[in-house]
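Welcome! Please take a look at the chain shown here, and then let us walk through it together.

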Amino acid sequence: MANGPPTPPPTTDVEIQDAARNSEPAASSSAPVVPPAAPAQIFASTIAVIAVAKEWQQLVHHAEFEEISVNDDRRPLVLAYLIQDELPAAKFALMRLPPRLQRLPLSTALVRLLQSTTDRHHADVYARAAEIPVNGDLGGTVYPEFATILSGMIDAFYESFRLRTFVLLSKAYSEISLTLAQHYLGLPAETLLKAAESYGWKYDAQSQILSPIAPPSSSAPLTGTSSLQSFD
């Protein structure tokens, strides 16, 4: 009671032990509390499924418009925009990251990739994509599901970026040296020549000159305005 005499402090060993037990949190007798996963390791389950299916427009719609927990990592949205060559949207998505994510290694790697893609520094684009930590922000600790999803998205970015560049080279050049084509496409000579052959390009081994064939506009695999319409 409020007006009763104060409870005397414990004096005997038994009383002291009882007091210590009573002061422990009630949850101490339950299973150990597992700390929450680092923010970089949390993907909304729906985003993970969509990313594995490579449905990038659906991923964008879900991440932008559906209800997602504040603990879910939306940085896959940035990569989805980059895969689709929607660079202003990718920049805006990065700007909207919460402060707890903005300075983490994965976030800063995405910033560098976006900058190189925007500037059309082709060699840098491939180097920056290779620097993205597939283990997220946890140093040497790799979470298999996280690494699988992120690796798949990075591969998809390589593919889409090279495809856009390949089509634009086909339209911009009647002849191009193998060395310069490698600079733009970031591929070893053997791999590039196989891809060029599949597009109908001709190659003179003596001069090491490729002769691109512009794809018909009706059959071009990409539509819309690309950010890679000029070459340095």
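pLDDT is the predictor's confidence in each residue, on a scale from 0 to 100.

What is the mean pLDDT of the protein chain? The mean is 76, and 66% of the residues reach 70 or more. Residues 23-42 are another stretch with pLDDT below 50; beyond near neighbours in sequence, these residues have 19 contacts in the model. Where pLDDT is low, the predicted coordinates should not be read in detail.

## The overall picture

The protein chain has 232 residues, and 37% of them are buried. Its secondary structure comprises eleven helices and three strands.

Now think about which parts of the chain touch. Taking the contacts between residues at least 6 apart in sequence, 64% join residues at least 24 apart.

## A covered helix

Is helix α4 mostly covered or mostly open? Helix α4 spans residues 75-83 and is mostly covered, with nine of its nine residues buried. Reading along, these buried residues are Arg75, Pro76, Leu77, Val78, Leu79, Ala80, Tyr81, Leu82 and Ile83. Just after α4 comes Asp85, which takes a positive phi of about 65 degrees.

Which residue does the side chain of Arg75 meet in a polar contact of 2.9 Å? The partner is the side chain of Ser107.

## The nonpolar cores

The largest nonpolar core holds 39 residues, and those touching the most other members are Leu59, Leu79, Leu82, Leu113, Ile132, Met153 and Phe157. Several helices contribute: α2 (45-53), α3 (56-65), α4, α5 (87-95), α7, α8 (122-131) and α9 (144-172) each supply at least two residues of this core. Which helix gives the most? That is α9, with nine residues.

Leu113 shows how such a residue is surrounded. Not counting residues up to four places away in sequence, Leu113 touches Leu79, Leu82, Val125, Arg128, Ala129, Ile132 and Phe157. There is also a second, separate core of twelve residues, which includes Phe166, Ile176, Leu178 and Tyr184.

Start with Ala109, which has its place in helix α7 (residues 105-119). Ala109 counts as buried because its relative accessibility is 1%. Leaving aside neighbours within four places in sequence, Ala109 is in contact with Glu131, Ile132 and Pro133. The C-alpha atoms of Ala109 and Ala130 are separated by 9.5 Å, and these two residues are 21 residues apart along the chain.

Next comes Leu150, in helix α9. Leu150 has a relative accessible area of 2%, so it is buried. Beyond its neighbours within four places in sequence, Leu150 is in contact with Leu79, Leu106, Ile132, Pro133 and Val134. The C-alpha atoms of Leu150 and Ile132, which lie 18 residues apart along the chain, are separated by 9.0 Å.

## Rings that pair up

How many aromatic pairs does a search of the whole structure find? The search finds five. Tyr126 and Tyr158 form one that is stacked, at 6.5 Å centre to centre and with 20 degrees between the planes. Tyr126 lies in helix α8 and Tyr158 in helix α9, so this pair ties together parts that are 32 residues apart in sequence.

Are Tyr126 and Tyr158 buried or exposed? Both Tyr126 and Tyr158 are buried. The rings also form a cluster, in which ring pairs link Tyr126, Phe157, Tyr158 and Phe161. To finish, find Phe157 again on your screen: this residue of the ring cluster is also listed with the residues of the largest nonpolar core that touch the most other members.

How values were computed. Residues numbered from 1 in each chain as written. Predicted model: local features only at pLDDT ≥ 70, side-chain atom pairs only at ≥ 80, totals over all residues. Heavy atoms only, no water. Buried < 20%, exposed > 50% of the residue type's maximum accessible area, 1.4 Å probe, protein only. Helix = DSSP H or I, 4+ residues; strand = E, 2+ residues; numbered from the N terminus. Contact = heavy atoms within 4.5 Å. Core = buried A, V, L, I, M, F, W, Y, C linked by side-chain atoms within 4.5 Å. Polar contact = N/O pair within 3.5 Å; in protein donor to acceptor, adjacent residues only side chain to side chain. Phe/Tyr/Trp six-rings, centres within 6.5 Å; stacked < 30°, edge-to-face > 60°.
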